[in-house]
Amino acid sequence: MLAMNYRRPYKVRAEQRPEPEIEHPNDAIVKVTRSCICGSDLHLYHGLVPDTRVGSIFGHEFTGIVEQVGSSVQNLQPGQKVLVPFNIFCGSCYFCQRELYGNCHNTNPEATAVGAIYGYSHTTGGYDGGQAEYVRVPMADVGPTVIPDWLDIEDAVLLTDAFPTGYQAAEMGDIREGDTVVVFGAGPVGIFAARSAWLLGAGRVIVVDHVEYRLDFVQRFAQCEVVDFKYVKDMAEHIKGMTDGLGADVCIDAVGCEAAGNFAQTLTGVKLKLQAGAATALHWAINCVRKAGTVSIVGVYGPTFNAVPIGNALNKGLTLRMNQASVKRHLPRLMQHIQSGLIDPKQVITHRVPLEEVAEAYDLFSRKRDNCIKAVLIPPGVQTVH
């Protein structure tokens, strides 16, 4: 089969790989119909995630058609169209029973801090991802969700991570009616977080970024205010100036470890790797939220330490909430929002690229060329009409 192949930082290519096989009675083999390049894939691509091994297949956002199922699979049948959440989870452990699917205790032997994720280094289990023609799907009875006939495939692929993660970012903010919400980052997750903040009752939504076309897009898609941080000397002072001196009720970090905006953070966290990425957006979130406010974190950081102003958070009496999104928990509500016309997720897709051109797609997304918001990979022979 054709698959993305990681060679070294900033170097990926498409090449022929062996097709996956059933390894456990509860596996399924899925023929991929769409896969996305996620902003967190760029952390792998840029060499910022430990234990990303040569030969890895990335991709944790994908849809497909069930090709084969193991002998114990009861809830899936060959031929069904499915969306596959990025979490790999067992459905029965302490955390899964509480719908904390991103914290499953049984699927990732490589770490105790995070559950398993498709195509996201050996720190999340070493599973191959969906930027390929076929993928092995473990725990197939609990992970994949059959795509309803009414749901567009490109809305479905955004339900595997980007939309649920943005929604959970807003949900973790515990937004009350009329709250002012500031979202740091106008990538796909930040865009969905901004839109979701309205769905949860926000009275004002502000998005901070420095890429002009992304700010233009989120302003249209989420009907929000925007701040270009290139023109801001002190972010906390600026946000307080917009909020009667108090700060925002909720701040969301939808950026993570590659945040721009602070030379010292970029030098120590990205260039020298002395901390687990540049925590600039997290600093801004803690310092821009009002006293007794809430900071929600969905931006990805590595498993080592970050220099974080925890004293500021303590003295301000902040609530900090963070996690990998538990995709499956959100799907019924988010599908309902799509079906009722409250949101059209596929609008964030700006580029549809053949899997054969995966290297070009990564370069396009990484360097923010051609006004790229979200790139979707389409395997050979798969229908391109959405």
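Biologist: Leaving aside its neighbours within four places in sequence, with which residues is His330 in contact?

Modeller: The model is a predicted one. In it, His330 has its place in helix 10. At 3% relative accessibility, His330 counts as buried, since the limit for that class is 20%. Apart from its neighbours within four places in sequence, His330 touches Pro164, Tyr167, Gln168 and Glu171.

Biologist: At what angle do helix 3 and helix 10 pack?

Modeller: Two packed helices are described by the angle between their axes and the distance between the axes. For helix 3 (residues 162-172) and helix 10 (residues 327-339), the axes are 10 Å apart and the angle is about 100°. That angle makes helix 3, relative to helix 10, roughly perpendicular.

Biologist: Which residues in helix 10 meet helix 3, and how do the residues of the contact divide by class?

Modeller: On the side of helix 3, the residues are Phe163, Pro164, Tyr167, Gln168 and Glu171. They meet Val327, Arg329, His330, Arg333, Leu334 and Ile338 in helix 10. By class, the residues of this contact of helix 3 with helix 10 are six nonpolar, two polar and three charged.

Biologist: Are helix 3 and helix 4 parallel or oblique to each other?

Modeller: The axes of helix 3 and helix 4 come within 7 Å and cross at roughly 50°. The crossing of these two helices is right-handed. With that angle, helix 3 and helix 4 are therefore oblique.

Biologist: How many charged residues has the contact of helix 3 with helix 4?

Modeller: Helix 3 contributes Ala162, Phe163, Thr165, Gly166, Tyr167, Ala169 and Ala170. These meet Val189, Phe192, Ala193, Ser196 and Ala197 in helix 4. By class, the contact of helix 3 with helix 4 has nine nonpolar residues, three polar residues and no charged residues.

Biologist: Which residues of helix 8 make the contact with helix 6?

Modeller: The axes of helix 6 (residues 235-242) and helix 8 (residues 280-288) come within 9 Å and cross at roughly 40°. That makes helix 6 oblique to helix 8. From helix 6 the contact takes Met235, Ala236, Ile239 and Lys240, and from helix 8 it takes Trp284, Asn287 and Cys288.

Biologist: Is the pair of Phe89 and Tyr101 stacked or tilted?

Modeller: A pair of aromatic rings is described by the distance of the centres and the angle of the planes. Phe89 and Tyr101 both lie in the loop between strand 6 (87-88) and strand 7 (116-117), so the pair ties together parts that are 12 residues apart in sequence. Both Phe89 and Tyr101 are buried. Their ring centres are 4.4 Å apart and their planes stand at 35°, so the pair is tilted.

Biologist: Is the pair of Phe217 and Phe221 stacked or tilted?

Modeller: Phe217 and Phe221 are four residues apart in helix 5 (residues 212-222), which means that about one helical turn separates them. Phe217 is buried, with a relative accessible area of 11%, and Phe221 counts as buried at 6% relative accessibility. The ring centres of Phe217 and Phe221 are 5.7 Å apart and the planes are at 15°, so the pair is stacked.

Biologist: What covers the buried residues of helix 5?

Modeller: The buried residues in helix 5 are Tyr213, Arg214, Leu215, Phe217, Val218, Phe221 and Ala222. What covers them includes helix 4 (188-199), strand 11 (204-209) and strand 12 (225-228).

Biologist: Is Gln223 buried or exposed?

Modeller: Gln223 follows helix 5 and lies in the loop between helix 5 and strand 12. Although it is not a glycine, Gln223 has a positive phi of about 50°. At 59% relative accessibility, above the limit of 50% for that class, Gln223 counts as exposed.

Biologist: Where does Asp51 lie?

Modeller: Most residues other than glycine have a negative phi. The phi of Asp51 is positive, near 60°. At 35% relative accessibility, Asp51 counts as partly exposed. Asp51 lies in the loop between helix 1 (39-45) and strand 4 (62-69).

Key
Residues are numbered from 1 along each chain as its sequence is written. This is a predicted model: local features need pLDDT of at least 70, side-chain atom pairs count only at pLDDT 80 or more; totals for chains, interfaces and linings use all residues. Side-chain values use heavy atoms; hydrogens and water are left out. Axes are lines fitted to C-alpha atoms, for helices over the stretch in contact, and angles run from 0 to 180 degrees between N-to-C directions. Angles under 35 degrees count as roughly parallel, over 145 as roughly antiparallel, 65 to 115 as roughly perpendicular and the rest as oblique. Contact means heavy atoms within 4.5 Å. Ala, Val, Leu, Ile, Met, Phe, Trp, Tyr, Cys and Pro count as nonpolar, Asp, Glu, Lys and Arg as charged, and the others, Gly among them, as polar. Rings of Phe, Tyr and Trp (its six-membered ring) pair if their centres lie within 6.5 Å; planes under 30 degrees apart count as stacked, over 60 as edge-to-face and the rest as tilted. Buried means under 20% relative accessible area, exposed over 50%, partly exposed in between (1.4 Å probe, protein chains only). A crossing is left-handed if the near helix is turned anticlockwise from the far one by less than a right angle, and right-handed if clockwise.
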